[in-house]
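User: I am new to this structure. Can you walk me through how its helices pack and where its cores lie?

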Amino acid sequence: MNHRQLFAIVTTSFLLLLSSYPLLAEPLQKRLSLKESISIALENASSLKKAGNLTRLQGADLLRSYGSFLPKLSVSAGYVPYSISRSYSQFPTAGTETVKLKSERETLDLTLTTSLNLFNGFRDYASLQAALKNEQSAEFSLYRARQAVVFDVTQHYCQVLLNQEILAIARENLLTAKDQLKLSQRQFEIGLKSMPDLYQQQAETASSELAVNRADAQLERSRLELLRRLRIDPRTNLSLEPLPKETLSAEPLKPDIDSLIDLALKNRTDLKSQKLEADAARWQIRQAASSWYPKLDLNFNVSTSGVESLRQTYSGTPPQEYSFPPMADQLENSVGYSIVLNLSWAIFDGFQTRYNVEQARINHINQRLDYEDLQSDIALDLQQAVAEYKAAEASIESAKAGLKAAKAAYEGIKRKYDLGASGFVELSSARAALFNAMSTLSQATYNLVLQKNVLDFTSGTLSTQ
């Protein structure tokens, strides 16, 4: 293969790669149902991953608290392949003369140490109880985070569907305006309509086009917000399946505020989590106060050592080699034991323990306040949610009646306008009223679904499946 052929092959491959690049860059097509969207969000949500990591950390802290009741065990070994030391010494055989001593050796040391705390002011017990409470609290927080993801995705999913309906209504209104514009042009040509009427209809058509553009932009914003919750490729061209008819036309609830409050206080996992955090803070007071008590530890040590070689040299004399038993025999026969009972008591620590206890006590008070505030907020949120649900329920019937009246009014005024018995202002007002009535009914329908979702989330009964 010559250079010209190789260049042709490389150039052809490069051009083929460039031609296929737009295909690779095409946005993904994905059609999702509400259940599939919730499943994807639960898998990808960063808040859930963080809550899961916190749960794992609390589990590790609990294991550490259990470990405080077990003896600590450590092993150390030291091997010195060669060491040299020099010193001056006097020997009786040398009289009063000081001789120079040089020692060279190879040694091995082994030590096994274990310690067990017998008493530390119940610090370990308080730490264990606090860790148990914090672990349970983290699990409840994780479940509440799942409910928050389901709630958030449902809200934005319904918002996208609502914006799709509003865009469809706007497009239908635009088609009506264009048809009316064509009719006005023909009527103007045969002298049934004046030039101002034609101009007004053109302006009305342009206004309808602007409404379509705004509705389309609003739909795109809501779609992107849903993609943000799903954490999938932002370039995905997302289409959503409509909600089941039984969901949109479900029988209205008859919420009882007292029953809902009792249900929420029983089921809200964030309330349970806050209660457990307050309980953990109470045990942390006992944990901080343990420094006021003495600490008693039991230590047990086993050690052994051996010398592999030793050579000593005195000034003016030849080196002396010392022979030792085998290293295994030395390690076996040189084992030493020690049992130590250690009692320590900090009589004065500069008020550090007093500060730690006060800090823990203030933290417990604040946790209790947060718990009580959350109880009150739940009751208030439920009252607001019930009121908004009832308002959403009532608005559906009003929206249906309004749409029926707006349709009848528009049809009547349009017939009069076509016959020249009505002006453009009346027709434009009737068309705007019809468009608003259709949008209002769609908003009222989805608002009732969303308010039902709010009730479930606020009462803590929202399913995460």
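User: At what angle do the axes of H4 and H8 cross, and how is H4 placed relative to H8?

Analyst: In this predicted model, the axes of H4 and helix H8 (residues 269-289) come within 8 Å. They cross at roughly 165 degrees. Angles over 145 degrees count as roughly antiparallel. H4 is therefore roughly antiparallel to H8.

User: Which hand does the crossing of H4 and H8 have?

Analyst: The contact of H4 with H8 holds eight nonpolar, eleven polar and eight charged residues. As for the hand, H4 passes H8 in a crossing that is left-handed.

User: How many charged residues are in the contact of H7 with H10?

Analyst: Helix H7 (residues 257-267) packs on helix H10 (residues 352-418) at about 140 degrees, their axes 10 Å apart. That angle makes H7 oblique to H10. From H7, Ile-257, Leu-260, Ile-261, Ala-264 and Leu-265 meet residues of H10 including Ile-378 and Leu-382. By class, this contact has nine nonpolar residues, two polar ones and, of charged residues, none.

User: Which residues does Leu-240 contact beyond its neighbours within four places in sequence?

Analyst: Leu-240 belongs to the largest nonpolar core, which has 67 residues. Leu-240 is among the members that touch the most others. Beyond its sequence neighbours within four places, Leu-240 contacts Arg-31, Leu-32, Tyr-157, Val-160, Leu-161 and Leu-226.

How values were computed
Residues are numbered from 1 along each chain as its sequence is written. This is a predicted model: local features need pLDDT of at least 70, side-chain atom pairs count only at pLDDT 80 or more; totals for chains, interfaces and linings use all residues. Side-chain values use heavy atoms; hydrogens and water are left out. Axes are lines fitted to C-alpha atoms, for helices over the stretch in contact, and angles run from 0 to 180 degrees between N-to-C directions. Helices (H or I, at least four residues) and strands (E, at least two) are DSSP runs, numbered from the N terminus. Angles under 35 degrees count as roughly parallel, over 145 as roughly antiparallel, 65 to 115 as roughly perpendicular and the rest as oblique. Contact means heavy atoms within 4.5 Å. Ala, Val, Leu, Ile, Met, Phe, Trp, Tyr, Cys and Pro count as nonpolar, Asp, Glu, Lys and Arg as charged, and the others, Gly among them, as polar. A nonpolar core is a set of buried Ala, Val, Leu, Ile, Met, Phe, Trp, Tyr and Cys residues joined through side-chain atoms within 4.5 Å. Buried means under 20% relative accessible area, exposed over 50%, partly exposed in between (1.4 Å probe, protein chains only). A crossing is left-handed if the near helix is turned anticlockwise from the far one by less than a right angle, and right-handed if clockwise.
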